[in-house]
Amino acid sequence: RAFIDSSRGAGGADALNYANNILVGHSEAYGGSDADYAMIVCFRHMSTPLGYNDAIWAKYGAGLSRFTGLTAPGSNEPLSVTPMNIEQAAYGNRGNTLAMLASKGVQFAICSRATQAVAGMLARSSNSSVEEIHQELISNNIPNSRFVPAGVLAATRAQEYGYSLLFAAG
């Protein structure tokens with residue numbers, strides 16, 4: 001069991017790399033399968049938007065790019081898709097995408113407290129309601145994910161359930 005915590009945009013790429021390295025290493029060194037592992041990647045703090053789907057990135061990419069510090073590959077332009085599903089190594093994720101890891105059974109936790117903060121930031125920049133944007137964000141999460149009350153709480157609770165904690169700093 002492994003819980004991989006990320007708190008920065010670039011840390012999200014490291015978290016995906018860690019998850020894949022654990023699964024590949026387990027398979028190659030021990031002859032195990034992906035199903036042997038319980039793996040959770042947590043997006044909290046500045047990496048929280050990595051848990052939102054393409055529809056959200058298409059609509060709010062400029063704000064989310066500023067928040068995460070991630071821009072379109074090879075430019076300073078804002079993103080319009082979920083960056084961790086881009087297959088090129090632009091973010092250091094070496095082709096380890098959300099979709100690929102979800103197909104291996106990796107689960108994703110998304111911080112609700114940070115999502116509330118993201119909703120506030122997006123509302124201020126678009127003259128919209130914080131609650132309206134918050135509802136939109138929590139309705140548009142990536143596959144194999146769920147919102148947790150707080151990413152740091154999920155990290156401590158996972159340890160109570162026997163998960164090893166890894167921190168992906170980025």
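Which residue follows H4, and what is its phi? Asn127 follows H4, and its phi is positive, near 55°. The legends below describe close-up views of a predicted model.

**View 1. The whole protein chain, with 6 helices and 5 strands.** Along the sequence, these elements come in the pattern β-α-β-α-α-β-α-α-β-α-β. The C-alpha atoms occupy a box of roughly 55 × 35 × 25 Å along the principal axes. A compact globule of 170 residues would have a radius of gyration near 15 Å, and the 15 Å of the protein chain therefore agrees with that expectation. Of the 170 residues, 48% count as buried. Among contacts with a separation of 6 or more, 66% are between residues 24 or more positions apart. The accessible surface is about 7900 Å², and carbon and sulfur atoms contribute 50% of it.

**View 2. Strand S3 and the strands paired with it, S2 and S4.** S2 and S3 run parallel and are joined by 4 bridges. In this pairing, Gln107 of S3 is the bridge partner of Ile40. S3 also pairs with S4 in the parallel sense, again over 4 bridges. Here Ile110 stands opposite Phe147 of S4. Because 4 of the 5 residues of S3 are buried, this strand is largely enclosed by the rest of the structure.

**View 3. The aromatic pair of Phe43 and Phe108.** The structure holds 1 aromatic pair. A pair of aromatic rings is described by the distance of the centres and the angle of the planes. For Phe43 and Phe108, the centres are 5.9 Å apart and the planes are at 5°, and the pair is stacked. Phe43 lies in strand S2 (residues 39–43) and Phe108 in strand S3 (residues 107–111), so the pair links parts of the chain 65 residues apart. Both Phe43 and Phe108 are buried.

**View 4. Helix H4, residues 112–126.** At 1.5 Å a residue, the 15 residues of H4 should span 21 Å; the end C-alpha atoms are 21 Å apart, which agrees. The buried residues of H4 are Ala114, Thr115, Val118, Ala119, Gly120, Met121, Leu122 and Ala123. An α-helix has 3.6 residues a turn, so residues three or four places apart point the same way. The buried residues of H4 pack against helix H2 (54–68), S3, helix H5 (130–138) and strand S4 (145–148). Beyond the end of the helix comes Asn127, the residue with the positive phi.

Note on methods: Residues are numbered from 1 along each chain as its sequence is written. This is a predicted model: local features need pLDDT of at least 70, side-chain atom pairs count only at pLDDT 80 or more; totals for chains, interfaces and linings use all residues. Side-chain values use heavy atoms; hydrogens and water are left out. Rings of Phe, Tyr and Trp (its six-membered ring) pair if their centres lie within 6.5 Å; planes under 30 degrees apart count as stacked, over 60 as edge-to-face and the rest as tilted. Helices (H or I, at least four residues) and strands (E, at least two) are DSSP runs, numbered from the N terminus. Buried means under 20% relative accessible area, exposed over 50%, partly exposed in between (1.4 Å probe, protein chains only). The expected span of a helix is 1.5 Å times one less than its number of residues. Contact means heavy atoms within 4.5 Å. The radius of gyration is taken over C-alpha atoms; the globule rule is 2.2 Å times the number of residues to the power 0.38. Accessible areas come from the Shrake-Rupley method with a 1.4 Å probe; for residues, only the protein chains shown count as cover. Two strands pair if DSSP finds at least two bridges between them.
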